Amino acid sequence: MNKICEQFPVFENVFEAIDFLRSLGLNAVNIPDNILPYFDAMDPLNATGLYLDETDFLVTRLQCNVDDVEYYRQLNIGNSIPFLTDFKRYSIKPNLAHTQFLYRGQSKDYKSIKPNLFRDKNKHYFLDDMIKGQELIAFIAEHPLVQLLGIKGFELRNRNIKLQANLYGLAQHYYNRTTEVDLSSSIDVAAFFAVTRYDAKLDKYLPIEAGPESTGVIYALPVSRSLAYNSIFGFNITSIGKQFCFERPSRQLGFLADCSGDKDLIDHKLLLRVEFKHNRDITNRIYDFWGKGDAIAPEDPLEKYWRMYRDNPGEPFHVSNKAIELNLYHNHGETEESITDKLLSYRNGQGAPAFKLTGKEWPEFPRELLEGYWSDIKNGWWQDVFCDDIYFPLSGNKTKEALKAIPNDPRYRSSFFEN
């Protein structure tokens with residue numbers, strides 16, 4: 001963490017902390033050289049993104065991340081391998097036209113920022129956690145919209161298009177432990193997490209009831225506005241943005257810092273830390289503004305289904321062959337036999353097997369989730385929610401309108417409507 005933070009005062013409330021960070025962003029060029037943001041001279045935001053709202057999403061050519069390439073190579077369908085290379089895909093990212101920073105809010109300073117996978121200091125092998133996220137990745141890949149937009153591809157104004165999905169990052173938003181730390185391009189999103197706590201039993205966020213005797217913190221990380229340099233001081237930064245029909249990451253304008261290899265984001269040389277005193281009245285104003293959390297972490301069919309599926313104490317967790325394949329790709333030194341033996345050795349709190357191997361290539365995608373998706377499509381979700389805040393910097397509304405019309409194309413209709 002940057003030493004300049006030692007000079008910052010403890011602010012009287014989170015609003016004062018927000019104002020201070022915004023002033024730093026507005027005067028970024030005057031910040032000492034050791035925390036200057038990175039700039040990309042070819043950033044399309046400089047030329048054409050001036051009228052973007054901070055909650056809009058920008059469609060860009062993808063600057064790929066090696067981990068994304070690996071995951072997509074594993075999720076091929078038949079003989080068609082959807083390689084993820086620099087200029088073969090497009091990414092729908094939260095735009096950074098209005099900020100020089102990515103933010104992270106915490107209701108308490110733990111003196112460390114590690115991903116949830118590594119927070120148990122006594123745990124050194126993570127197969128039981130990782131396999132659940134990998135099962136979700138395989139599960140999501142079977143959704144018809146993921147198949148169309150991310151794997152098979154589609155034609156948009158005479159151009160073949162495939163969209164990026166950060167499937168590993170997406171798994172984190174649905175109760176899975178990963179090596180990623182959440183960030184947001186919105187300081188208002190960070191403020192919500194800085195004044196709330198997550199209650200796992202209730203599956204909801206609750207306001208911090210403490211007063212000024214306790215403090216929260218907002219971290220700010222200077223980044224390139226285009227994220228063309230997505231590896232900054234050893235931390236890979238990826239966007240999560242629009243993830244097809246899975247809305248949680250887009251509501252949170254999400255980015256991720258990869259902390260694999262036991263990295264701690266607190267050690268990032270450019271990280272700024274701003275501390276503030278909790279204030280009950282302000283906390284409740286922020287909490288109510290976000291609909292008591294519903295607007296920032298909305299319930300959706302996948303969220304309900306996966307929470308029940310992942311943590312059902314009466315049933316072992318089902319593992320497909322594809323999840324094992326994904327695990328082997330990253331779990332070097334293991335074999336299919338060693339992985340399956342270890343999975344079958346895990347026991348739950350009642351002493352029963354924690355995992356069951358299905359022997360099936362892919363997980364089963366339940367019809368109940370598809371029925372909810374088909375209903376949303378009929379109610380205008382594609383045009384009014386998914387496409388509404390997407391911005392194409394070079395072709396503007398023509399491409400956006402063409403994207404909205406995709407469900408009407410006979411070639412793609414089966415991906416949006418029940419057969």
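Tutor: A salt bridge is a side-chain nitrogen of Lys or Arg within 4 Å of a carboxyl oxygen of Asp or Glu. The model discussed here is predicted.

Student: How far apart are the closest N and O atoms of Arg367 and Glu371?

Tutor: Arg367 and Glu371 are four residues apart in helix H13, which spans residues 367-378, so about one helical turn separates them. Arg367 is partly exposed at a relative accessible area of 45%, and Glu371 is likewise counted as partly exposed, at 41%. The two residues form a salt bridge, and the distance between their closest N and O atoms is 3.0 Å.

Student: How many residues apart in sequence are the parts that Asp389 and Lys242 tie together?

Tutor: The side chains of Asp389 and Lys242 meet in a salt bridge with an N to O distance of 2.8 Å. Asp389 lies in the loop between helix H14 (381-386) and strand S16 (390-391), whereas Lys242 lies in the loop between strand S11 (235-239) and helix H8 (248-251), so the parts tied together by this pair are separated in sequence by 147 residues.

Student: Is Asp129, which meets Lys123 in a salt bridge, buried or exposed?

Tutor: The side chains of Lys123 and Asp129 meet at 2.8 Å, N to O. Lys123, at 22% relative accessibility, counts as partly exposed. Buried means under 20% relative accessible area, and because Asp129 has a value of 6%, Asp129 is buried.

Student: How many salt bridges does the structure hold?

Tutor: Besides the pairs discussed above, Asp109, Lys111, Arg273 and Glu275 are linked in a network of salt bridges. For the structure, the number of salt bridges is 23.

Student: Which element gives the largest share of the largest nonpolar core?

Tutor: The largest nonpolar core has 61 residues, and those touching the most other members include Leu145, Phe154 and Trp382. The largest share of this core, seven residues, comes from H4.

Student: Which residues, including Phe8, belong to the second, separate core?

Tutor: This second core is separate and has 32 residues. Its members include Phe8, Phe20, Phe192 and Phe193.

Note on methods: Residues numbered from 1 in each chain as written. Predicted model: local features only at pLDDT ≥ 70, side-chain atom pairs only at ≥ 80, totals over all residues. Heavy atoms only, no water. Core = buried A, V, L, I, M, F, W, Y, C linked by side-chain atoms within 4.5 Å. Buried < 20%, exposed > 50% of the residue type's maximum accessible area, 1.4 Å probe, protein only. Helix = DSSP H or I, 4+ residues; strand = E, 2+ residues; numbered from the N terminus.
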